[in-house]
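Keep the sequence and the 3D view open as you read.

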Amino acid sequence: MCKFILNDGPIHNQVKQSRSLAYGCVLLFLIVFGLGLSQDGHAQQEYTYGAYSLFPQGSSRVMAMGGASSTLSNDATGISFNPAGLSFGDWSFDLGATYNQVVNREADFGSGDDISQPYNFILGGMAAHLGSWTFAVGASSPYQLDTDDISGARSTFDIVSYDAAIAKRFGKYFSIGLAYHHEIVNMGFSNPFLGVSEVERDASNGYPRVGIAFQKKKVGLGIVYTPRREFEIDTDANSETGGVNYFRDVVIPAKVTVGFSYQASKRTLIAIDFDQFEAVKDSIYVGSGTLGTGSEIFIDNKKQGVIHGGLEYYAVKSRHNDVLLRAGAYNEPARLVGADSRLHYTMGLEVRFGPAVLSVAFDQAENFNNTAQGFSVSFGSL
């Protein structure tokens, strides 16, 4: 436990001790993150579903910046990226939402054709500053699938998250944030050809997301830790699917993000993030059901690292109106056995009219397309 103790010495000595202890707390925080990285996923039941992706979605700003998020999460969407960044928003109240349209042709079930998994992603949130504290709530749909095959079978998989966050700012430059997410997984299966009507099962779980952020003059630093989540699905439901082993437990790996940003000029910002995902054992692609015959449905049993980078430029910067141009890139490693890595190029545009902000973002790669539209309204200033 980090504990601050005052003595009878001069005030400056007390301040010096307090700073030293604060730095010690931060160091302990980083050590805990390091231990989290050093641990592989523990044993699971055979062939769980791995319900996660290695590409960013949600905030149109984060997407357009190539996925760099740890030092850029200074609006209400920070609840899903770095909650500590909420402290650095130049507003008293912020309300925003983003709508994503994703097409990700990632898996091969043995037919030689990529299986498309188009879905919509919605992220919304609102946040308010109260002195050195910031409070936020939000909701999102971090994973969605709706797949039909040639036999007429339909499988659905949805995750919905309800979120709350709190951030505390210490002085001008440092912040700590904590978000709690309550996730609900819903799985459904039907096959009219076999006379199987809709079979559904739910599971829920909660988890924290912890972050720190540092912003001073031109430099920003951010660290975020998101723990592993597991969902126990009632696999007895497979007795109702006509022989298809669709219902399985679900796992989402732990992730650590470390990021850096630099204000190169009054109009130009550069940001870089590194994501580290823990290894996921004995897991397969969501929707692959009875395993099939293809190789590209098994998730590679190793840690995954992704470097994200982006550039933001103010084309127009005034008191009442702004126009920002963004671009970035990242290399998405192969998540599935037998697949190839994919180089992503991103870009975006944001326009501010007084308190209202409109934004769009695009993320393009081989067999992949993600488009985002965002809207937010901010009131007041710090």
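## Arg201 and its partners

The side chains of Arg201 and Glu240 are joined by a polar contact of 2.9 Å. A polar contact is a pair of N or O atoms within 3.5 Å; within protein, one must be able to donate a hydrogen and the other to accept it, and residues adjacent in sequence count only if both atoms are side-chain atoms.

This is a predicted model: local features need pLDDT of at least 70, side-chain atom pairs count only at pLDDT 80 or more, and totals for chains, interfaces and linings use all residues. Residues are numbered from 1 along each chain as its sequence is written, and side-chain values use heavy atoms, with hydrogens and water left out.

Arg201 sits in strand β8. Strands (E, at least two residues) and helices (H or I, at least four) are DSSP runs, numbered from the N terminus. Leaving aside neighbours within four places in sequence, the contacts of Arg201 include Val185, Asn186, Met187, Ile233 and Phe247. Contact means heavy atoms within 4.5 Å.

Arg201 also forms a salt bridge with Asp234. Arg201 lies in β8 and Asp234 in the loop between β10 and β11, so the pair ties together parts that are 33 residues apart in sequence. Asp234 counts as partly exposed because its relative accessibility is 35%. The cut-offs are these: buried means under 20% relative accessible area, exposed means over 50%, and partly exposed is in between (1.4 Å probe, protein chains only).

## Salt bridges

Side chains of opposite charge can pair when their charged atoms come close. A salt bridge is a side-chain nitrogen of Lys or Arg within 4 Å of a carboxyl oxygen of Asp or Glu. How many salt bridges does a search of the whole structure find? The search finds 13. Here are some of them.

| Pair | Closest N to O distance |
|---|---|
| Arg201 and Asp234 | 3.2 Å |

Now look at Arg228 and Glu230. Arg228 is buried, at 17% relative accessible area. Glu230 is partly exposed, at 33%.

Two strands pair if DSSP finds at least two bridges between them. Strand β7 (residues 174-191) pairs with strand β8 (residues 196-216) in the antiparallel sense, over 17 bridges. Within this pairing, His182 stands opposite Gly206 in β8. The two strands form a hairpin with four residues between them. In its turn, Gly195 has a positive phi of about 75°.

β8 also pairs with strand β9 (residues 219-226), again antiparallel, over seven bridges. Here Gly211 stands opposite Val224 in β9. The hairpin of β8 and β9 has two residues between the strands, and Lys217 takes a positive phi near 50°.

## An open sheet

Four strands form an open sheet with mixed pairing, in the order β10-β11-β1-β14. Which strands stand at the edges? They are β10 (229-231) and β14 (283-284); each has a single partner strand, so one side of each is left without a neighbour in the sheet. Strands β1 (residues 48-50) and β11 (residues 250-252) pair in the parallel sense over two bridges. Gly50 stands opposite Val251 in β11.

Thr48 lies in β1. Is Thr48 buried or exposed? Thr48 counts as buried, because its relative accessibility is 3%. Leaving aside neighbours within four places in sequence, Thr48 is in contact with Asp249, Val251, Lys281, Asp282, Ser283 and Ile284.

## A nonpolar patch

Leu221, Phe260, Tyr262, Ile270, Ile272, Phe274, Ile307 and Leu311 make a nonpolar patch of about 680 Å². The elements that give two or more residues to the patch are β12 (255-263), β13 (268-277) and β15 (304-317). The largest share, three residues, comes from β13.

Patches are made of residues with over 30% relative accessible area and no salt bridge: like charges are joined within 9 Å, nonpolar side chains (Val, Leu, Ile, Met, Phe, Trp, Tyr) within 5 Å. Accessible areas come from the Shrake-Rupley method with a 1.4 Å probe; for residues, only the protein chains shown count as cover.

Leu311 lies in strand β15. Leu311 counts as partly exposed, at 39% relative accessibility.
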